[in-house]
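Please look at the sequence and the model below before reading on.

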Amino acid sequence: MKKDGTAGSKGPYGRDNIEALREAVAAVVARTPITDIHTHLFAPPFGGLLLYGVDELITYHYCIAEALRASDVPYDTFWNMDKRGQADLIWKELFIDRSPVSESCRGVLTALDKLGLDVASRDLAAYRAYFADADLAAHIDNVFACAGLTSVVMTNDPFDETERPVWERGFEGDERFRAALRIDPLLLDWKNTAPRLQGWGYDADAMLSPNARAEVRRFLSDWIKKTKSLYMAVSLPPTFAYPSDTEYSTLLDECVVPVAQEHNVPFAMMIGVKRNVNPGIRLAGDGVGQGDVGAVERLCAAYPDAKFMVTMLSRENQHELCVAGRKFRNLFLFGCWWFLNDPSLIEEITRMRLELLGLSVLPQHSDARVLEQVVYKWSHSRTIIAKVLADKYADLAGTGWTIDEAEIERDVARLFGGNFWNFIA
Ligand code: HDL
Ligand code: ZN
């Protein structure tokens with residue numbers, strides 16, 4: 001019932017019907033479609049870059065890290081196995097010889113279960129047959145429907161030898177797969193990147209002369225247009241410092257921020273990854289370190305008209321990042337990234353964010369690398385976000401405040417994508 005007594009959304013909910021309130025929140029969260037703003041998924045025209053199926057799920061680098069802890073298989077032996085062989089080893093070590101209690105392992109099972117497979121059977125052959133028979137286009141539709149996704153944002157790397165030709169050749173887009181321009185090599189490996197830019201016709205000398213800066217701006221602008229990127233992004237080490245006597249600091253000031261403003265796109269910084277802590281386990285070998293939120297504050301203060309999206313990898317950075325979010329309206333906080341994408345930490349961080357920042361954040365992104373991961377990552381996160389949001393509404397009800405279903409739908413739509421689309425508008 002609407003406040004004016006007209007028929008319409010259910011409610012109001014208040015201190016006298018808290019259980020009904022919790023049920024309403026769970027139902028709204030379960031059905032609200034999501035924009036997944038950071039993934040490593042690819043639209044079908046990118047071919048094999050779009051990973052899917054149970055062997056890809058099981059050989060997710062998160063599972064590889066855990067399996068290479070559990071097993072004493074020599075790294076080289078593991079890496080010499082084919083994908084199926086690696087999956088068989090991981091399945092045995094993490095699912096059969098031990099209960100798959102880790103978030104990465106449970107996720108595999110949630111995805112299989114939500115797709116209608118019989119998890120209790122533990123029949124890996126049957127799971128493989130299901131995916132082998134899948135028609136990819138129909139499977140993508142089914143996965144998006146299962147996960148409740150409207151669209152995902154890809155991670156598009158112009159420096160990737162497999163991906164770049166697809167953009168250069170052009171393709172029929174799929175509006176469910178939006179682009180984000182990823183520029184780590186430009187910012188973090190300038191010495192080796194400058195000659196590559198030159199090879200592509202951008203006169204970018206390694207000394208970063210004024211002309212080189214102009215050419216980097218042209219490169220970024222060209223690729224934002226080519227990809228129709230919604231934002232530019234980089235992942236940064238814990239040592240990220242701004243301002244600093246580094247090429248990346250100069251490139252931020254002279255190239256990235258000006259071009260971001262010219263195209264009215266945010267710049268996303270994902271801070272705190274220590275690359276190749278253990279190179280022997282390859283993509284699984286990255287670690288985490290505490291970063292300097294001061295660098296984020298100084299960037300936001302230096303460029304009040306630019307838009308910055310930030311997620312940090314260290315649990316220890318989360319509170320100070322929330323406080324920084326209170327100081328800067330051009331700082332958009334998103335996701336429980338990577339090693340934080342676990343139920344206990346998603347809950348802790350989401351509570352902290354709602355208590356300090358209200359409904360002004362995007363609580364989650366999936367970071368999915370394998371198509372079906374969106375099914376489990378969003379199923380798990382919806383459950384936790386619903387629980388936290390219901391608690392916060394219950395706290396409000398305790399003051400005598402009431403809320404109706406339309407307001408819950410409004411709030412959840414913001415958290416599940418609306419805040420992002422408003423921020424980039
Ligand atoms: O840098 C990133 O975007 C990270 O998300 C890495 O890709 C990482 O390997 C990952 O997949 N984390 O979830
Ligand atoms: Zn990522």
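A residue counts as buried when its relative accessible area is under 20%, and as exposed when that area is over 50%, with partly exposed in between. In this predicted model, Phe 420 is therefore buried, with a relative accessible area of 0%, whereas Trp 421 is partly exposed at 29%.

The structure holds 22 aromatic pairs, and two of them are set out here.

| Pair | Centre to centre | Angle between planes | Class |
|---|---|---|---|
| Phe 159 and Phe 219 | 5.5 Å | 40° | tilted |
| Phe 420 and Trp 421 | 5.3 Å | 65° | edge-to-face |

Phe 159 is buried at 5% relative accessibility, and Phe 219 is buried at 0%. Ring pairs also join these two residues with Trp 200, Tyr 202 and Trp 223 in a cluster.

Charged side chains meet rings as well: Arg 176 lies over the face of Phe 144, 5.2 Å from the ring centre, and the charged end of Lys 307 sits over the ring of Phe 423, at 5.9 Å from its centre.

Gln 364 lies in the loop between helix 16 (343-357) and helix 17 (373-397), and with 3% relative accessibility it counts as buried. A polar atom of the Gln 364 side chain is 2.9 Å from the backbone nitrogen of Cys 336, and the side chain of Gln 364 also makes a polar contact of 3.1 Å with the side chain of Asn 341. Beyond its neighbours within four places in sequence, Gln 364 is in contact with residues including Ile 346, Trp 378 and Ile 385.

Definitions and conventions. Residues numbered from 1 in each chain as written. Chains lettered and ligands numbered in written order. Predicted model: local features only at pLDDT ≥ 70, side-chain atom pairs only at ≥ 80, totals over all residues. Heavy atoms only, no water. Helix = DSSP H or I, 4+ residues; strand = E, 2+ residues; numbered from the N terminus. Buried < 20%, exposed > 50% of the residue type's maximum accessible area, 1.4 Å probe, protein only. Polar contact = N/O pair within 3.5 Å; in protein donor to acceptor, adjacent residues only side chain to side chain. Contact = heavy atoms within 4.5 Å. Phe/Tyr/Trp six-rings, centres within 6.5 Å; stacked < 30°, edge-to-face > 60°. Lys NZ or Arg CZ within 6 Å of the ring centre and 35° of its normal.
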